[in-house]
Amino acid sequence: MRGEEFHFPSAPDMPGVTSRMSSTEKYLKPEVIRTVSRLDLRARFIVEGFFSGLHASPYHGFSVEFSEHRRYTQGDDLKDIDWLVYAKTDRYYVKKYQAETNLTGYLVMDLSESMAYTYRQELTKFDYSICLSAALAYLMIHQQDPVGLITFDEKIRHSLPAKSKRAQLGNILALLSKLRPTGQTEIAKNLQRIAAMIQHRSLVMIFSDLLAEGGPVIDALHMLRHAGHDVILFHVMDESEVNFPFDGMVDFRDPETGETMLVDAAGIRGDYLDSVNELREYFRKECLSAGVDYVALDTSIPFDRALVEYLSQRKARF
């Protein structure tokens, strides 16, 4: 696809498939905590040398014990030189201040009505995104990094400032558990607004089904990258949108416009699946070119496994 608008069909309503989980505890299971707490989200920043890391050094040839130092530059206060590091390396390094070592993250959640859809999975696309964001928020707070939350549909709806206190995870989940994805969305315009809102270099984690024109979304991602932010785009689709398990004559409805269409599922299956694959490939290539991590997911993939695999690959790459 060339960024043209493409709407995935929604299946007919089925009893119980869109019921929401009543407790925020269901979004972050103990076994998920045990797994993600061993991972390091900051791998990309480590290599770039901008943020310090937990398991690797941003400086070639140095061990992890120096990961919170940077090379002395003219103008640095001499009293900040770490003489123990100098004794081991014969080079001048200064200890980074807390403001330099912390990674600030923002969870960015699409509230469009299409995110509330599921065909036969336990989790809607929105619930699935909450589970992912809860694990990522826990991981950042576990690393003592501040994390905030921004939600949007046609405009920015909520902006929770980034904090690293343990209570922040509860604040994020409490807000998300009260939200109901409704109406239409403006992904590109809101990402542009977010690029202007966030003043300091941050990790921006976006959760959306990307039911929008591709070109403007990519342009907005370029804006975020130009502002110095690291960006992860989680493209969350329902498993039925990826696999198209329908048969016979099916009445599909666009969740955001309300338009319906009666189609022969067998007759359009091949073209539909080709379009989905083309769409995902379009975003993958364009995000790669923009320096954005693109993560294609569907709700049949256990979210904890998907997150572990992605973070492990991220660390290995950088």
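User: Why is F234 called buried in this structure?

Analyst: The relative accessible area of F234 is 1%, and a residue counts as buried when this value is under 20%, as exposed when it is over 50% and as partly exposed in between, with a 1.4 Å probe and protein chains only; F234 is therefore buried. This is a predicted model, in which local features need pLDDT of at least 70 and side-chain atom pairs count only at pLDDT 80 or more, whereas totals for chains, interfaces and linings use all residues. Residues are numbered from 1 along each chain as its sequence is written, and side-chain values use heavy atoms, with hydrogens and water left out.

User: What makes the rings of F207 and F234 a stacked pair?

Analyst: Their centres are 4.9 Å apart and their planes stand at 5°. Rings of Phe, Tyr and Trp (for Trp, the six-membered ring) pair if their centres lie within 6.5 Å, and planes under 30 degrees apart count as stacked, over 60 as edge-to-face and the rest as tilted; F207 and F234 therefore meet both conditions for a stacked pair. Strand β6 (residues 203-208) holds F207 and strand β7 (residues 230-237) holds F234, so the pair ties together parts that are 27 residues apart in sequence. Helices (H or I, at least four residues) and strands (E, at least two) are DSSP runs, numbered from the N terminus. F207 is buried as well, with a relative accessible area of 0%.

User: Why is the pair of F244 and F246 called edge-to-face?

Analyst: The ring centres of F244 and F246 are 5.2 Å apart and the planes are at 85°, so this pair is edge-to-face. Both F244 and F246 are buried, and together with Y119, F252 and Y272 they form one aromatic cluster. A search of the whole structure finds 13 aromatic pairs.

User: How do you know how α5 runs relative to α6?

Analyst: The axes of helix α5 (residues 125-142) and α6 come within 10 Å and cross at roughly 170°, where axes are lines fitted to C-alpha atoms, for helices over the stretch in contact, and angles run from 0 to 180 degrees between N-to-C directions. Angles under 35 degrees count as roughly parallel, over 145 as roughly antiparallel, 65 to 115 as roughly perpendicular and the rest as oblique, so α5 is roughly antiparallel to α6. On the α5 side the residues that meet α6 are F126, I130, S133, A134, A137, Y138 and I141, and on the α6 side they are Q168, L169, I172, L173 and L176. By type, the contact of α5 with α6 has 10 nonpolar residues, 2 polar and no charged; Ala, Val, Leu, Ile, Met, Phe, Trp, Tyr, Cys and Pro count as nonpolar, Asp, Glu, Lys and Arg as charged, and the others, Gly among them, as polar.

User: What makes Q168 buried or exposed?

Analyst: Q168, in helix α6 (residues 167-178), has a relative accessible area of 2%, and is therefore buried. Apart from neighbours within four places in sequence, Q168 is in contact (heavy atoms within 4.5 Å) with I141, V147, G148, L160, P161, A162 and K163.

User: What makes α7 roughly parallel to α8?

Analyst: Helix α7 (residues 187-197) and α8 pack at an angle of about 10°, with their axes 8 Å apart, and that angle makes α7 roughly parallel to α8. The residues I187, A188, L191, Q192, I194 and A195 of α7 make the contact with P216, V217, A220, L221, M223 and L224 of α8, and these divide into 11 nonpolar, 1 polar and no charged.

User: Why is D90 called exposed, and why is L210 called buried?

Analyst: D90 has 58% relative accessibility and therefore counts as exposed, whereas L210, with a relative accessible area of 2%, is buried. D90 is in the loop between α3 (83-89) and β2 (93-95), and L210 is in the loop between β6 and α8 (214-226). Neither residue is a glycine, yet D90 has a positive phi of about 60° and L210 a positive phi of about 55°.
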